Amino acid sequence: IVSIVLAFNANSQIQQDKQQHFAAGFIISGTVNAATFHFTESQDAALLFGVVVAFGAGVAKELYDDEFNLLDLGATMAGSYAVSIPMVAIESIIVKKRRKLNTEL
């Protein structure tokens, strides 16, 4: 019974660790993407910088850890992609509305 409880506890800690990596990738990529789009108004640059900075942060974190864990890096990148895809769609709508407004003026 003790080993089963310890196994479930270890599994929940692993899952919580992956959730934290996912959240970090989500926050880093979303913030960089939004800032880049705000300053450049380029969807491509915003997507690229958001994903690259999240990847760099994930790699840096894994290099800092005692052992490099690809699953942690994967969770970070999953968070990055989870925010990047909707942001590209939203930025596309913003760009279209700005173009329409500019042509109407």
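**Chat about a predicted helical chain**

Student: How confident is the model, going by mean pLDDT of the chain?
Tutor: The chain has a mean pLDDT of 88, and 85% of its residues reach 70 or more. pLDDT is the predictor's confidence in each residue, from 0 to 100. This is a predicted model, so local features need pLDDT of at least 70, side-chain atom pairs count only at pLDDT 80 or more, and totals for chains, interfaces and linings use all residues. Residues are numbered from 1 along each chain as its sequence is written, and side-chain values use heavy atoms, with hydrogens and water left out.

Student: Where in the chain is confidence lowest, and where highest?
Tutor: Lowest in H1, at a mean of 83, and highest in H2, at 95. Helices (H or I, at least four residues) and strands (E, at least two) are DSSP runs, numbered from the N terminus.

Student: OK, salt bridges. How many does the structure hold?
Tutor: There are 4 salt bridges. The cut-off is a side-chain nitrogen of Lys or Arg within 4 Å of a carboxyl oxygen of Asp or Glu.

Student: What does Lys18 form a salt bridge with?
Tutor: Asp72, and the closest N and O atoms are 2.6 Å apart. Lys18 lies in helix H1 and Asp72 in helix H3 (residues 70-104), so this pair ties together parts that are 54 residues apart in sequence.

Student: Is Asp72 buried or exposed?
Tutor: Asp72 is buried, at 5% relative accessibility. Lys18 counts as buried too, at 17%. Buried means under 20% relative accessible area, exposed over 50%, and partly exposed in between (1.4 Å probe, protein chains only).

Student: Which residues are linked with Lys18 in a network of salt bridges?
Tutor: Asp17 and Asp72 are linked with Lys18 in that network.

Student: And what about Arg98, what's the salt bridge there?
Tutor: Arg98 pairs with Glu41, the closest N and O atoms being 3.2 Å apart. Arg98 lies in helix H3 and Glu41 in the loop between H1 and helix H2 (43-64), so parts 57 residues apart in sequence are tied together. Arg98 counts as partly exposed, at 37% relative accessibility.

Student: What does Asp65 form a salt bridge with?
Tutor: Lys61, with 2.8 Å between the closest N and O atoms. Asp65 is partly exposed at 23% relative accessibility, and Lys61 is partly exposed at 37%.

Student: Switching topic: how many aromatic pairs are there?
Tutor: The structure holds 1 aromatic pair. Phe22 and Phe26 are stacked, 6.4 Å centre to centre with 25 degrees between the planes. Rings of Phe, Tyr and Trp (its six-membered ring) pair if their centres lie within 6.5 Å; planes under 30 degrees apart count as stacked, over 60 as edge-to-face and the rest as tilted.

Student: Where do Phe22 and Phe26 sit in helix H1?
Tutor: They are 4 residues apart in helix H1 (residues 2-40), which means they are separated by about one helical turn. Phe22 is partly exposed at 34% relative accessibility, and Phe26 is partly exposed at 36%.

Student: Which residues form a nonpolar patch on the surface?
Tutor: Phe22, Phe26 and Ile27, with about 280 Å² of accessible area together. Ile27 lies in helix H1 and is exposed, with a relative accessible area of 55%. Patches are made of residues with over 30% relative accessible area and no salt bridge: like charges are joined within 9 Å, nonpolar side chains (Val, Leu, Ile, Met, Phe, Trp, Tyr) within 5 Å. The areas come from the Shrake-Rupley method with a 1.4 Å probe, and for residues, only the protein chains shown count as cover.
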